[in-house]
Amino acid sequence: MEVASRLPDTEVTVIRGEELLKQGIGGLWNVGKASPHRAALVVLDYRAESATTRLGWVGKGIMYDTGGLSLKTKTSM
């Protein structure tokens with residue numbers, strides 16, 4: 001985040017904890033609520049003046065998940 005905030009035409013937004021619920025991102029909040037670290041969504045918005053098209057990338061970092069229907073064991077991960 002520190003590196004991205006120094007880039008020109010770039011804005012970094014981090015949505016954490018209860019703010020995820022307020023923003024309607026309850027799925028991420030629910031999956032991460034049992035973790036000792038608050039779940040977070042990081043938005044990196046790059047808007048170059050010369051851009052002629054818009055592009056969006058969506059990625060997933062490490063998430064805490066107990067499995068549910070697809071329960072994972074130490075031998076079948």
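# Briefing: fold, core and selected residues

Of the contacts in the chain with a separation of 6 or more, 54% are between residues 24 or more positions apart; a contact means heavy atoms within 4.5 Å. This is a predicted model, in which local features need pLDDT of at least 70 and side-chain atom pairs count only at pLDDT 80 or more, while totals for chains, interfaces and linings use all residues. Residues are numbered from 1 along each chain as its sequence is written, and side-chain values use heavy atoms, with hydrogens and water left out.

**Overall layout**

- The chain has three helices and two strands, arranged along the sequence as α-β-α-α-β.
- Helices (H or I, at least four residues) and strands (E, at least two) are DSSP runs, numbered from the N terminus.
- Of the 77 residues in the chain, 16% are buried. Buried means under 20% relative accessible area, exposed means over 50%, and partly exposed lies in between (1.4 Å probe, protein chains only).
- The chain has an accessible surface of about 7,000 Å², and carbon and sulfur atoms account for 56% of that surface. Accessible areas come from the Shrake-Rupley method with a 1.4 Å probe; for residues, only the protein chains shown count as cover.

**Confidence**

- The mean pLDDT of the chain is 79, and 78% of the residues score at least 70. The pLDDT is the predictor's confidence in each residue, from 0 to 100.
- Helix H2 (residues 18-22) has the highest confidence, at a mean of 93, and helix H1 (residues 2-5) has the lowest, at 74.
- Where pLDDT is low, the predicted coordinates should not be read in detail.

**Nonpolar core**

- The largest nonpolar core has five residues: Ile15, Leu20, Leu28, Trp29 and Ala39.
- A nonpolar core is a set of buried Ala, Val, Leu, Ile, Met, Phe, Trp, Tyr and Cys residues joined through side-chain atoms within 4.5 Å.
- With neighbours within four places in sequence left aside, Leu20 is in contact with Ile15, Ile25, Gly26, Leu28, Trp29, Ala39, Ala40 and Leu41.

**Salt bridge**

- The structure has one salt bridge, and Asp45 and Arg47 form it, with their closest N and O atoms 2.8 Å apart.
- A salt bridge is a side-chain nitrogen of Lys or Arg within 4 Å of a carboxyl oxygen of Asp or Glu.
- Side chains of opposite charge can pair when their charged atoms come close.
- Arg47 is exposed, at a relative accessible area of 54%, whereas Asp45 is partly exposed, at 25%.

**Thr10 and its contacts**

- Thr10 belongs to strand S1 (residues 10-16) and is buried, with a relative accessible area of 17%.
- Apart from neighbours within four places in sequence, Thr10 is in contact with Ala4, Leu44, Asp45 and Tyr46.
- The Thr10 side chain comes to 3.0 Å from the backbone oxygen of Pro8.

- Asp9 is in the loop between H1 and S1 and is partly exposed, with a relative accessible area of 42%.
- The phi of Asp9 is near 60 degrees, which is a positive value in a residue other than glycine.
- Glu49 is in the segment after strand S2 (40-46) and is exposed, with a relative accessible area of 80%.
- From C-alpha to C-alpha, Asp9 and Glu49 are 8.1 Å apart in space, while in sequence they are 40 residues apart.

**Gln23 and Glu19**

- Gln23 sits in the loop between H2 and helix H3 (26-32) and is partly exposed, with a relative accessible area of 48%.
- The side chains of Gln23 and Glu19 are joined by a polar contact of 2.9 Å.

Technical notes. A polar contact is a pair of N or O atoms within 3.5 Å; within protein, one must be able to donate a hydrogen and the other to accept it, and residues adjacent in sequence count only if both atoms are side-chain atoms.
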